[in-house]
Amino acid sequence: MAPRPAAPAINPADLAGKVTSPAATVAKKPAAAAGAAADDSSPLFGRRVWLGVAWTAFSAASAAALAATGRFMYPNLINEPPSQFKIGLPDDYGLGVDERFKETMGVWIVRTADDVAQHASGFYALLVTCTHLGCTPNYLSAESKFKCPCHGSGFRTSGINFEGPAPRPLERARIVLADDGQILVDKSRKFQFELGQWEDPEAFLKA
Amino acid sequence: MAVETKTVQPQEPALTRFWNSLTETQVWKSVFRHNRPDNDRNRVLVMLSNVFLHMHPVRIRKSGVKLRYTWCMGGLSFFLFLVLTFTGLLLMFYYRPTLEYAYSDIVGLREHVPLGIMREMHRWGAHAMVITVWLHMFRVFMTGSYKPPREFNWSVGVVMLVLTLLLSFTGYLLPWDQLAIWAITVGSNMARATPFLGYEGPGAQLLALGDVKLVHAGSDVRFALLGGTFVGEGALLRFYVLHCVGLPLGIAVLMAVHFWRVRKDGGISGPM
C-alpha cells in the first residue's frame, strides 16, 4: 500500500466557504479566497459567493417555514363562547347566586343586597375558575358557598376565599347595563379583589 | 461366487434432510447470508446482517446479563413500549377523539369489544412503564453509569424520561371523564407560568407593543398546547395527535440513538 500523501494545509477560510474540492483548496491563495474566485467560470458570481447566497436563502426559507409551522398552531377562529354577552334584564334575577350561565359562559351572576366592596345593592359576575389551580367549583346553596371539588377551596358568595388552598378570591368580570336595558357581562376585563379592583364602577352593577 | 458388497450410508433423519434442503433454497439464502451460527464467526455475522439484531452488541460482558446488576429495567421499559404501541394501535380502531364520542368509546372498549382488557393493558402498561423508566434511571445513577463516556446517553435518557411522562400526561386526557378534564386543567395551567411564553409567566409583560400585549391567553404556549383557552375539543384532539403520533415518534428515534450509544460507549457498564 502506498503511503498516504501528507495532508495539504487547509485554509480555514476555505472551509468556511464550503469548498469541498481538495484541488481547489490547495490551488487557491487566501487572497483569492476572500474575493470572488478569479478562476471560477461563472459569469456573475464566484462559487463561494453563490454558495453564501444559497445558504442564506436556504436558512431564511427554513426559518420562515418554521415560523409558519408555529403560527399554524394558532387558528384564526376558535369554537369558544364569546367573552361579551347579554344576560337579560335586572328584573329577571332574584337575590342570591344564579347558575344559569355557569355551564355555557363560565360566570355566576350574583345579586346582593349589600356588596362587600361597594356597600350597595346590585349585581356582580363571578368567574367560575378556582384561583388555586383552575378547576370549576360547585355552588352549595345549603351552605351558601362555592366549593371546589379538586382540592377543597371554599369561597363565600362574595367570591372571597375562606378555606382550602386557594390563595385569593374569585375574580369578577366587567358588568354594565347595555343600551337596551339588558345586563352586559364582559369576561375580557377582570377585577381582582386583592388589587382593590372590586371598587371599580364596572366591577359592580348597582340596582 | 463373489459376494456383492454394498456400502450403505446412514440415512439422515427426515427433519435434518428437510432443514438442509430448506437452507439450500434461493429464498432462504437471500434472507440469511450466513451459515448456521455454530462458530464464532457465523454468530457475529448473524448479528451484523440483521437490521433488528444489529442494535444489540455482538458480545456483552458477563455482568451485563446479571439481573442483580441491571435489574433489566431498560429492557423492560422497551418491552412495555412495544406492548403500549401494539395495544394503543388496537385501541385506535375504536376510539374517536371528539367531545361527542370520546368517553362513550372508552366505555365501549370495555363493554362492547371482545377482549375488553385491551384498554386496561394499555393503561396498566403505561403505569408500569413510568415505574420501570424511573427505576432504570435510579439503577444507572446508583451504578455510576452516567459517568464518562456515557454522559451523552444519560442526557438522551433524561429527554426520554420527559417524553415518557408527556406520553402519560397526554394519554390521561383521552378518556375524557371528570378526572381527565380537571387533571389536565390543573396540569396545563402550569404552562401559563412559562417564562416569556406563558401569559402569566415572568417576562411576558415585557413582550408588548405599546398597550398591545403580544403574549395573552390566546397567544401563549398554553394555547398552542390546548388549541383553546380552556380544556375543550381542541385540547382533546391535540393531545390525541401528540399521544398517538408526535411523542411516540420522537421517543422511538431517541431509543434508537440510546441503544446504539450503549454499544458505542463500551456496552453495558460493569460493576466497579
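B:Trp176 is found in the loop between α8 and α9 of chain B (helices are DSSP runs of H or I, at least four residues long, strands are E runs of at least two, and numbering starts at the N terminus). Its phi is near 55°, a positive value in a residue other than glycine. Is B:Trp176 buried or exposed? With 23 C-beta neighbours inside 10 Å, B:Trp176 counts as buried (20 or more other C-beta atoms within 10 Å of its own is buried, 12 or fewer exposed, in between partly exposed, with C-beta atoms placed from the backbone).

A word on ground rules: this is a predicted model, local features need pLDDT of at least 70, side-chain atom pairs count only at pLDDT 80 or more, and totals for chains, interfaces and linings use all residues. Residues are numbered from 1 along each chain as its sequence is written, while chains are lettered from A and ligands numbered from 1 in the order in which they are written.

You'll find B:Phe196 in the loop between α9 and β1 (208-209) of chain B. B:Phe196 counts as partly exposed because it has 15 C-beta neighbours inside 10 Å.

Then there's a cis peptide bond, running from B:Pro148 to B:Pro149, with omega near 5°. B:Pro149 sits in the loop between α7 and α8 of chain B.

## How the chain B helices pack

Two packed helices are described by the angle between their axes and the distance between the axes. Start with α8 (residues 151-173) and α11 of chain B, which pack at an angle of about 160° with their axes 9 Å apart (axes are lines fitted to C-alpha atoms, for helices over the stretch in contact, and angles run from 0 to 180 degrees between N-to-C directions). So α8(B) and α11(B) are roughly antiparallel to each other (over 145 degrees is roughly antiparallel, under 35 roughly parallel, 65 to 115 roughly perpendicular, and the rest oblique). The crossing of α8(B) past α11(B) is left-handed (the near helix is turned anticlockwise from the far one by less than a right angle; clockwise would be right-handed). By class, the residues of the contact between α8(B) and α11(B) come to 18 nonpolar, 7 polar and 1 charged (Ala, Val, Leu, Ile, Met, Phe, Trp, Tyr, Cys and Pro are nonpolar, Asp, Glu, Lys and Arg charged, and the others, Gly among them, polar).

Next up are α5 (residues 73-92) and α7 (residues 118-142) of chain B, whose axes come within 8 Å and cross at roughly 155°. That makes α5(B) roughly antiparallel to α7(B). Here, too, α5(B) passes α7(B) in a left-handed crossing, and the contact residues split into 15 nonpolar, 8 polar and 2 charged.

What about α8(B) and α9(B)? These two pack at an angle of about 135°, with axes 8 Å apart, and that makes α8(B) oblique to α9(B). On the α8(B) side the contact uses B:Phe169, B:Tyr172 and B:Leu173, and on the α9(B) side B:Ala180, B:Ala183, B:Ile184 and B:Gly187 (contact means C-beta atoms, placed from the backbone, within 7 Å). Sorted by class, that's 6 nonpolar, 1 polar and no charged residues.

## Chain A and the cores

Chain A comes to 5 helices and 11 strands, and buried residues make up 24% of its 207 residues. Of the chain A contacts between residues at least 6 apart in sequence, 41% join residues at least 24 apart.

The largest nonpolar core has 31 residues, and A:Val107, A:Tyr124, A:Ala125 and A:Ile175 have the most contacts inside it (a core is a set of buried Ala, Val, Leu, Ile, Met, Phe, Trp, Tyr and Cys residues joined through C-beta atoms within 7 Å). The elements giving two or more residues to this core are β3, β4, β9 (172-177) and β10 (183-191) of chain A. Leaving out residues up to four places away in sequence, A:Val107 touches several others, including A:Phe101, A:Ala125, A:Ala173 and A:Val185. A second, separate core has 16 residues, among them B:Leu173, B:Val231, B:Ala235 and B:Tyr240.

A:Ala113 is in the loop between β3 (107-112) and β4 (122-127) of chain A. A:Ala113 is exposed, because 9 other C-beta atoms lie within 10 Å. Beyond its neighbours within four places in sequence, A:Ala113 is in contact with A:Leu95 and A:Ser121.

## Where the chains meet

How many residues does each chain give to the contact? Chain B gives 11 and chain A gives 9. On the side of chain B that touches chain A, α9 (178-189), α10 (221-226) and α11 (233-264) of chain B each give two or more residues. α9(B) gives the most, with 4 residues. By class, this side of chain B has 4 nonpolar, 6 polar and 1 charged residues.

Definitions and conventions
Two residues are in contact if their C-beta atoms, placed from the backbone, lie within 7 Å.
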